[in-house]
Each structure stands twice: as C-alpha cells, then as structure tokens.
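Please look through the structure shown here with attention to its aromatic residues and to one of its sheets.

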There are 4 protein chains.
Amino acid sequence: MSAFLQVVGQASPDDLSGLRALVESEQLDPKRIVAFLNKTEGNGCVNDFARGYCAHVLHEYLSGELGPEAAEKALLIMSGGCEGVLSPHMNVFSQDGPESDQVTGGLAIGAGKTRDFKAEEIGRMAMVEETARLATELMESLSLSKEDVHFVQIKCPLIRSSDVTEAQEKGVSLATTDTLKSMGYSRGASSLGAAVALGEVELSGLDDSKILGALDLYSGVASSSSGIELRCCEVLIMGNSPLSRSPLRIGHAVMQDALDRDAVVQACVESQGMTDGNFDPEKVANVFAKSEVDPSGMIRGKRHTMLQDSDVSGTRMSRAVVGAIVASVLGRTQVYVSGGAEHQGPPGGGPVAAISWI
Amino acid sequence: MSAFLQVVGQASPDDLSGLRALVESEQLDPKRIVAFLNKTEGNGCVNDFARGYCAHVLHEYLSGELGPEAAEKALLIMSGGCEGVLSPHMNVFSQDGPESDQVTGGLAIGAGKTRDFKAEEIGRMAMVEETARLATELMESLSLSKEDVHFVQIKCPLIRSSDVTEAQEKGVSLATTDTLKSMGYSRGASSLGAAVALGEVELSGLDDSKILGALDLYSGVASSSSGIELRCCEVLIMGNSPLSRSPLRIGHAVMQDALDRDAVVQACVESQGMTDGNFDPEKVANVFAKSEVDPSGMIRGKRHTMLQDSDVSGTRMSRAVVGAIVASVLGRTQVYVSGGAEHQGPPGGGPVAAISWI
Amino acid sequence: MSAFLQVVGQASPDDLSGLRALVESEQLDPKRIVAFLNKTEGNGCVNDFARGYCAHVLHEYLSGELGPEAAEKALLIMSGGCEGVLSPHMNVFSQDGPESDQVTGGLAIGAGKTRDFKAEEIGRMAMVEETARLATELMESLSLSKEDVHFVQIKCPLIRSSDVTEAQEKGVSLATTDTLKSMGYSRGASSLGAAVALGEVELSGLDDSKILGALDLYSGVASSSSGIELRCCEVLIMGNSPLSRSPLRIGHAVMQDALDRDAVVQACVESQGMTDGNFDPEKVANVFAKSEVDPSGMIRGKRHTMLQDSDVSGTRMSRAVVGAIVASVLGRTQVYVSGGAEHQGPPGGGPVAAISWI
Amino acid sequence: MSAFLQVVGQASPDDLSGLRALVESEQLDPKRIVAFLNKTEGNGCVNDFARGYCAHVLHEYLSGELGPEAAEKALLIMSGGCEGVLSPHMNVFSQDGPESDQVTGGLAIGAGKTRDFKAEEIGRMAMVEETARLATELMESLSLSKEDVHFVQIKCPLIRSSDVTEAQEKGVSLATTDTLKSMGYSRGASSLGAAVALGEVELSGLDDSKILGALDLYSGVASSSSGIELRCCEVLIMGNSPLSRSPLRIGHAVMQDALDRDAVVQACVESQGMTDGNFDPEKVANVFAKSEVDPSGMIRGKRHTMLQDSDVSGTRMSRAVVGAIVASVLGRTQVYVSGGAEHQGPPGGGPVAAISWI
C-alpha cells in the first residue's frame, strides 16, 4: 500500500495543462488517482462557479482517460477562494504508486461518498451520522487507528435558493434559509461526523441544536468545504498506516487562532518526524489548513472588523490571513487553505496538516 | 526635544473614548499632539467615508480642547482599511513629552503640510517637487541627516469624480480619469518626493512618465496613503535625532515582497538596537508597514489572483496579507498597514518601520 | 398647521452647502426643521459610516444654529445606499412654514423617538409595542385618522458585533447573532409596530416568532431603515390633516413587486388628487419607496440571482432596481428608495408614497 | 431563408435542461443553431468563470449532437452579469427553420469569427479593421443594406494578467495593463469596427487614440461584450432581409441614457411595425440592450455614485438599472442587458433592439 501527492498549478479553473503534462511524462497514471483536492479561484461562497467548472473539466478528462465508470471513483474536492497570496492549484492524491523500500508507517489515503442528502438533512444529525459511518468505514479499510488519522477532508453540499423555495412550498423546515449560512451548517455537521468517528466527540451528546450551537465540540483533524456542485458528502481520510510504504508522511496540529504560526510549524515538524523543532520546507509536499473568522469579534483581545464588513465576506478575509501565515512558513504560495472551520478546531482556529517527503 | 507615541483602539470611526481617557488621566496633553496616524475601518478606497468621519471628530475634539487655530496644527492622517486581523486604532504622536535622562538619539518627529494641489498636479512632478521641498525643510528643522530618517508618512489627495468632470469641461489633462487609480498616482508622486529629499532618487532623472512608469525608482522609508478628505500633502517625518531625549527609538527595513517576514523582524530588531537578531515584542510600541499587490501577477514565482478579482480590490487583500504577517511577528493586531506602495519599496514590497521603547 | 418639504443634493456625506444656501437665502428657518430623511451614499449595510457621518455634521450644524437642546428635537433619519442612478440628497421636513390660503387637508407631519432598546429587545415584541405606542401618540397629536396616514418612516437600531459578544457573555438570547440580519429583524418589528397603530395588523395576533416569520402580515405605509448610529426608534409620520394648510399633499400605493411601476404612478396621481390617472412630474416634490429582494428567489415567475450573490448584498441590488423604476417615472434621480421591506408591503414589494405641490 | 429565436432559462451556468427539452421535443434542431447569446450569472467582469463554464458545456453538448467539427460553427456568446431582476437565460438563434408564407423582410442573421488577436492588438485599430471586414462580409452574405441592420452583437477578448506579464517581458506596449479596463478597450474597438462597416463612422477618421478617446463616435446598433474565454471577435449580425421569410422581425432604437424607457418602447414598436406607438409585449421574443455607467458622473443633471464605488463595479450597477427599465417595459425578467457600452450609443446610453413575432 502506498499513497502519493502531486501539486500542480492552474492558470484558470479549466486549465489541465499541468495535469496532462504529469500524465504524458508518465509521472502520474490516471488510474491511480484517488482524489483531487483543489484550491480554485472563485469567491468560495454560494455563487462560485469556478469549483463546478474545474470539477466538470476534471471529470471530462478522467472519463476520456478511464471511461465514464472508473471516472466516477475519484473524488473531486474543490475548495473555492484564492484570496491574498494563495495560488490556485490542484493536490492530486493517488495510491499504489512509487513505494519506498525502507519505510513503513507512510501516508495512506481512503476516499468515499455518502448517499445524497435531502435539503432538510443538510446541517443536521442525519449528516453527522452518515459522515461518521463513512469515515469509520474508511479508517477500517486502511487499518488506521484513531491516533493514526491526521486529516479528514470533507466536501459537503449547501442549501440552494431552489431548496428554500421547495421547502417553503412543502412546509418542510431547513437548518437555515440563508444559502450562505447553510455552508456553515453543512461544514459543521459533517465535521462533527468526523469527530464522532475519531472519538473526539460523543454521538450521544449531540443533537441538531449543538450544530453551530456548541462550538467547543470539535474535531482537530476535520476539514470541510462546502459547494453547490454536489448533494452528498465526499470524504478523504489521511493517516500514517503501518501497511503503507509511501515515501510521504503526514502530521498535524491545531491552530488556536488565525495567527497561530507555531501550529503550522508544528505540523510540518511532525510530518518530518523531527524532535528538534526544525523542519525542511523543501521537503514539505504541501500544507492543508482551515481558516475561520473568529466568531467573538476579537483576535488576541482586540476587535476585528470581519463580522461587520458587508462588502466582503469574512470567509474570504480569513482565507487571506491564514494563507499569508502558512505561505510565510513555507516561503511559497501554492498552499491549501479552506475557509469556514465550524466544529473544526476551536472557534477562530482550525486544524492544519502537513505532508512531507520522508 | 522628545517625541512620543501612544496607541489607542477605536470601536468605530467616531470613537474617541480611548483618546479622552488618556487626556483625562493626564497621560496625554492635547497641546503636545503633533499627528494622528490612524487605521480606520472603511474600504480604504475612493468611497471610504470612515477616514473623513474620524478626521472630522478628531478636529472637533481638538478645537474644543485647544481652540480652532491650534487644532489646525495637528496632522490627521487617516489610512483606511482594516482587512483581516487588522484592528482599528490611532497612533497618537506627540512631542516635548516625557524625556529619558540617559538617552540621546531618540525618536524625533516633524510635521507639515504642502499647499493645496490642483487636480491636474496630482500624481505629477509638481507634487514630487513640493513634497520633496517640505520633507527637506522638516529634516532640517529636526537636525536629521538622511541616514537618521526611518519613516516618512504622507497623506495625499486623490482625483475625484467632480475633478474629472471639471477637467473635461476645461480641456485640462489629468494623470488619470479613474478615481481609484488616481490614488496610486498620488501615492507614487508624493513618495518620489520623499525619495528625492532623502537622496534615494535624483530629481533630474524624473518626469511625469516615470511616475508609476519606472517602479524601480523608490524610497525605502516613504509611506503614502491617499484620501478624498484633503487637497494638499501632509508629511510626518520620523527619525532618531542626536537632539532627542525620547524614550523611543525607530528602525526600519524594506519588505521585498508581501511575505517578507524577516524584514518586519529586522525593523523591530533595529529599533531596539539589538545585534543578536532578537527583540522583545513587548517593547515594540508599534510597527508601520506598506502593502501592495505585486504588479507582476506573481508572488515567489507563482500566480496570485488579486489583479483579476473584480469583486474585491487587490489593495484590500494586500493589506490583509501584510497585516497578518506583521501581526504574527508581534502577536497582536493593532498594527499599522497601509495599502498601495507605489514607489515605496520595490514592486510588491514596501518599507516597514518599528518604534520601540528603549 | 402646515408641513413643508425641501430636497437638497449632497456632494458627499458631510456636504451641507445646499442646506446652508437654503437657510442663508431665508427659504428655510432651521427652527422649523422637524426631520431630515436622507439618502446617503454608503453601502447601506452594517459598516456604513456615511450615515453616521452625515448625521453627525447635521447635528453639529443644528447645534450651532439652535443651541444643543433644540438641536436634539430634529430627527436625523439616514438611509444608506445610493446604488445605480440614485443620487445622494436630503429631504428636509419642516413645519409651520408657508401656508396656502385656499387649502385644507394638506400635509401634516409628526416626529418622535422611542426609548433606547436593549440588544435583546431589537427585532422583538418590545420593539413592536413601543413603536405602536409612539405612532398612535403622533397620530393623535396631528388629529390624523388611520386613513389619513400615508407614510410612517422609521429609523431603527441594529445588533452590533459588540452586542453579540456581550449577550454571549451574559447568556442572553438575541433575535439573531448576525449583524446584517439584525437589520431585517429590526425593520420588521418596527414596521409591525406601525401596522398595529394603523389597525393593519392585530397586536394580539403577534409574537416574536411572527417577526420575519409571517411576512403576509404587513403595513402598507411603513418604511423602516436600520442603522448602527442609534439605539431607539425614530418615527416620522406623514398624512393629510384637516387642520393643515400646507401647499403639499401626500398619497401612497403599495408596490406588489420591484417592477410595479404602476404603483409608483398611482402614488403620484393620488398625491395630486387627480381622477384621470395622470399627474405632473414637475409638481411631485419627491417619491419615497421601499425595496426588497423577493425572498422567493423569483420575480414574475423567473429566477433572480440576488439571494445567491455572495459578492454584493441583495439589499444593494434591490435599491438599484426600485431606484431605476422610480427615477424612470419622475425623469430624475434624487428620489428616496430605502432597502429592506420586511413587513412593509407584501414579500418582494413595498409601500411607495409621493408628496406633491397642490 | 429564415431566422429564429428561442429563449430558455437556466438554473445555473451548466444547466442545459431547457435546451435539451427543446431538442427532445423537436422544437429545435441542433444542426440549425447559429449562435447562443446568453446572459450568465457571474460578475460579468474579469474573474467571471460562469461565462466560460456555460460555453464549455454548450460546446460539449453540440459536439455530442453534431460532431466536433460542426460544433465549432455555432457562436457561443456569453454575456456575464445578471444583476438585480435580470434572469439567467439563453437566446438560441437558429436558421432555416419555420417559415411564414405571407411574409418577406423577416429576421436574418449571420455569424462569423475574426482571427485571434495578439494582446497588443486588443483595443486598437487592428481590431477595428478586422471586425469591420467581417461585419461587411456578413452583411453581403445576407443581402442586407446598411439600413436593414438592427443589431450587431460582438463577443470580444480581454487582456489577461498573463498577457500583461508577457508584454512587459517582451517590451511590447498594450492598450492598457489593467485587465478590467481592457474589457472596455476591446468593446470600444470592436464596436467601432461595426460602426465602420455600417457607415456610421469613417475609418479614415480613426486611430488608436480615438478608441475610448472620442466617445462621440459610436454605432447605434453595435453591442459588444468582453470575456476571458476567447481571443478572436465573434460577430452576430441581425437585420430584416428581403430574402427572409422568418416569422420574426427586428427593430432598434438608441437609449440616450440609462433611464431612457421610451427608446426601449420604440424598439419594441418598430419591431412590430406599428405606427400608433403601441406594441404587444406578448409578441416580443426578447429585447437586447446595452448599459453603461454615465462617464460624466451625472444622470439627468444629478450626481450618481457609480464611478466612486470601490466595492461594486459600476458595470454591475448599470446592468441592474437598465435591466430594471427593460423588464418594466416587458413585464418580465429574461431580458438581455449587456454592460459596457463604449462606442455603442452615446456616453451613458446604448443601443437597444427588440425581436418580435410578426
């Protein structure tokens, strides 16, 4: 068993030239692709069509290479929003690739999809439970213990305008009728699903009111991103497995707030297995972080203005901030930062993972 | 001679409660105020009325305390835009305050205003020359050599819609008819004025076409901010003077790009006169930095999207980025980052200064 | 008794030149001013400081003219947002001005303020009841029957970030913790207050859940605008009173949706007392309309995108739309359109009033 | 010869369900499609990927139906931005469809593409000349005299960030280095091309400086829309041809400003050949209009704020305004309004065409 990560820049949401080059030069076999985890350049909010566009051309490409059925298997997780220095790119996760002879305990990845959710299930317990079930299943398939899991990336749906209209006609209640807010409910519920699977939160202690209601309940490894282009949850689990001979290893930490540079460094250090607190940025394949507007309205005891800015969504600004912090640690800007960290790390903070060459 | 800096948060552009508290507790004598250098919370672009509002209430307050004539003397430099973690605050510069017995070579500040500019002079050589003249005059009055100067803050005007209309009626040409772009021309021309005064750029090598045309000509200490609320340039010069017994000292460096964290550290180190590369964040009174969207469309060799985002001005995003970097160095968010660094540091970078308690 | 309206353009939120000119030419006696109803040019959402700035300079001006105590009496109702063709202007309402000999049944106006509301009262029954009480009181003072009332303008508070933090600390529940949404709750509750006073809605049929919950309950004459610069509700009531000898008369209609041009025409026709369906645009002093994004996501059976646009608030777009419709009826752009019509007219529509010279 | 128009709503940029339904019910034969003229729901500015996404799925669909080569022939003109009430939809133009026995002088359409332009040609004379050449060719092929032409829709390229970088490296000058502004240059140059073809402007009187420099030179029928997804100009010419037996007829007028409702009515009246000034909205297939922020900063003698709003592009607001005006004339919202009318009608105004069932 082995897992592999390649990072490819994009000049636009439909630019596959970098991906094609990898395939044509035989550095990547499309059959081995498990998931794309992309930073696309829309606004990352409701009317962001760059995510769907990129997913569409990727699906089209895979269909051409693998046939329509095999193409369905790869997860296409598009996280919108490249604010500030963040540079649009794909993280291509593949398996059964190059193995390292000497190593075990390398990177292992598993991917799957839940069933489609009804609008009234989005951001509620049905989503928590179904996501927990899938995450547990994936861990078992990789022989990962809870401690071995360092990142659980989830792509989850949102409630659309048309869902709201339909629900009102049917008299069905939704978690929220605000399409932008529904992204937060969906991220929150699916992240709590991961937390349940990993034993971070007890299922029995949860109900609908806790979702966005009890933000002290969270996962330290979940990373959820919401989009209009799907109706199910797609889950990509990452850990270090005793069975894996991957030349890569993953580590993680939890940012306590948007300025917690030390946590980014710690994730890098752990991924390289160093004990002296140092790491080699050149050996980091990529960093994956969550960002969030601190819901208290304060950072380090002082007021921020992101909750009061009616011109720019705070989600966008928080990505710009965490993107700058992560980029300053690595000295480069093709880093993955996804906005909205409800139940992912403490309020205002979020999980951060690093994958390094051993 | 002595110069002093106090940092006061604001809950809104018209919130003077912190300032009043300083005065009422006799920590600040309004008569000694030389300049306000504020981070206000508008969009920092053309239609940002938070700057004018804050300046208005400050002027009103000073008039009440000092009488209308004395109130005119204090510079009211409002830099708009508190994106990301940046927290709205005032930097209150005063003089002839508490002196330190043991020290010379402390912080000295000088302030002045140019004449009002006509719309057709904004962003052109008339502005360069007049700003250079005033900066030179201020340096002489403080006995500052060119090497002693570490920051030249300038507030400069912009070209308004009504200016464009008037110019078209009169058949007068302007540097630009785009009000947002005029902010850049004005910052560029006034910064080149500072560069000329400090011997960084030769006046004889300049003409109108060089302003925004030759970005390799720049000042390493100028920081210009443009606003709709004034027609002249206001200049605040800061240096370490042999005559000053201030308990504060200033240092500076030049950020080579938006992620140049080392330059921020270096400015702090220099301000504390340390030789081992360390500094004490607690002793830093504040950091003053410029931010700018890299005009090449790239940062560290990878594409950024700030020049193509038609929803959010790149100026706003660049403040969010540099604000995050500076805040992560100091561990706090009431830091001063002003957007638009044309002819202020290299393209994509900008000057950064730190003022510390000795 | 008489009431009077003068319309004055503004070049910026602090531009009082037009107002001063009216006073200096003795066309307006500041002592007679009852209320300002201004269209200011911020974003009309939470972080819109143009409203506060304009109110501040108006208060300052009135204090200088009338003394601080008398200055408190004039209502300063600032409605933010001049999108599209809307042109920033003041509507200056005054009383006891020029009277017409022949006429009775002319325009009468009354103004008052409720007590300040606690954050937890905003958008709830306390606000409904208190606003109803004040509106009833004002009607009685003007001898206006319910049928005589054609417009009830209300300026109401919003829940601020700091309110949210405080409430969370105290464990107090708020109508919403979203500052932008709180504007809607506040407009809704205060408008229901007017509806109760006018007998359009029964108080006994209302509770907190109905506010934004039962949008089929509404006033056909209420117009509420929310802002960060006040904590009470300010109410300005307008009607045609048998006691008034004003040379102006008011009429109103209810727009059924944002494109209901006929309702705008009808309000103008009624204000001029015409029976043939015609009116003279030159005789219209001004039109006052509400706008709202249709919450169904549809207009005339087709999808609109305003609820899914995460870059521009739908409130702003809806003002642009209704502003264009009203301006096309009058052939001019200094018209008053205020965004957010919760419980003001049917969902997607809103009241519109016209004041004309008889 | 015959030309036909069908209007189909879209629930998202990749929604082809309406188009598929037309084809499946045999109301439309894909082989007969000449051009799509779509209103898509992005921001209509530089980083609007909804246009490209929609064009991509349309191309994919046509390739599946017709084979890749035939699919290339249909023009895919995507005009971004559905602000305010505007509802996303496709205008499907086809030819050789149902003919009317009694009629001649019906709608005729012709479509073609210029060669790809280099970045340095965009917004300059090369674009004017090449577009004029193509338009003339298309007119001849349809036997249209200049008076018979009522609308010339052009989709033109823009200068991208990468073009700017490349040009700077090569030392090549561009019409502008601002990607957003380049959209205006490109629209302006291609519209002047149409004006030359139609004899509205003399080619000999033009040079690069006139493009955006002499806005009194314009076409009364050109409508240009700029996008990142193409490098050539695509031209769709529409007129009433003596050879055409189409059941549709086209008429046009020129809006003098954004509020010129009468011009919209006039275009509808002309398209129905009425002499009494009336028309039947039910018989209008669709209206096609251009919108533009009045560059003078004024509308009907009063200030507008669209040029000073740094949060929302004026192009977006102007579409909201003209969209509201057109929709109020027809009583429906699937109408075509495209932003940016440089050299298309007088400054602040623009051409408007209506196509009606005879």
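The report below takes up the sheet and then the aromatic pairs.

This is a predicted model, in which local features need pLDDT of at least 70 and side-chain atom pairs count only at pLDDT 80 or more, while totals for chains, interfaces and linings use all residues. Residues are numbered from 1 along each chain as its sequence is written, chains are lettered from A in the order in which they are written, and side-chain values use heavy atoms, without hydrogens and water.

In chain B, an open sheet of four strands runs in the order S9-S14-S10-S13 with mixed pairing; strands are DSSP runs of E with at least two residues, numbered from the N terminus, and two of them pair if DSSP finds at least two bridges between them. Strands S9 (248-255) and S13 (336-339) of chain B each have a single partner strand, so one side of each lacks a neighbour in the sheet. Strands S10 (residues 284-291) and S14 (residues 350-357) of chain B pair in the antiparallel sense over five bridges, and B:Ala289 has B:Val352 as its bridge partner in S14(B).

Over all chains there are 18 aromatic pairs, where rings of Phe, Tyr and Trp (its six-membered ring) pair if their centres lie within 6.5 Å, and planes under 30 degrees apart count as stacked, over 60 as edge-to-face and the rest as tilted. Two of them are tabulated here.

| Pair | Centre distance | Plane angle | Class |
|---|---|---|---|
| A:Phe4 and A:Trp357 | 5.6 Å | 70° | edge-to-face |
| D:Phe151 and D:Phe288 | 5.9 Å | 45° | tilted |

The pair A:Phe4 and A:Trp357 joins strands S1 and S14 of chain A, and so ties together parts 353 residues apart in sequence.
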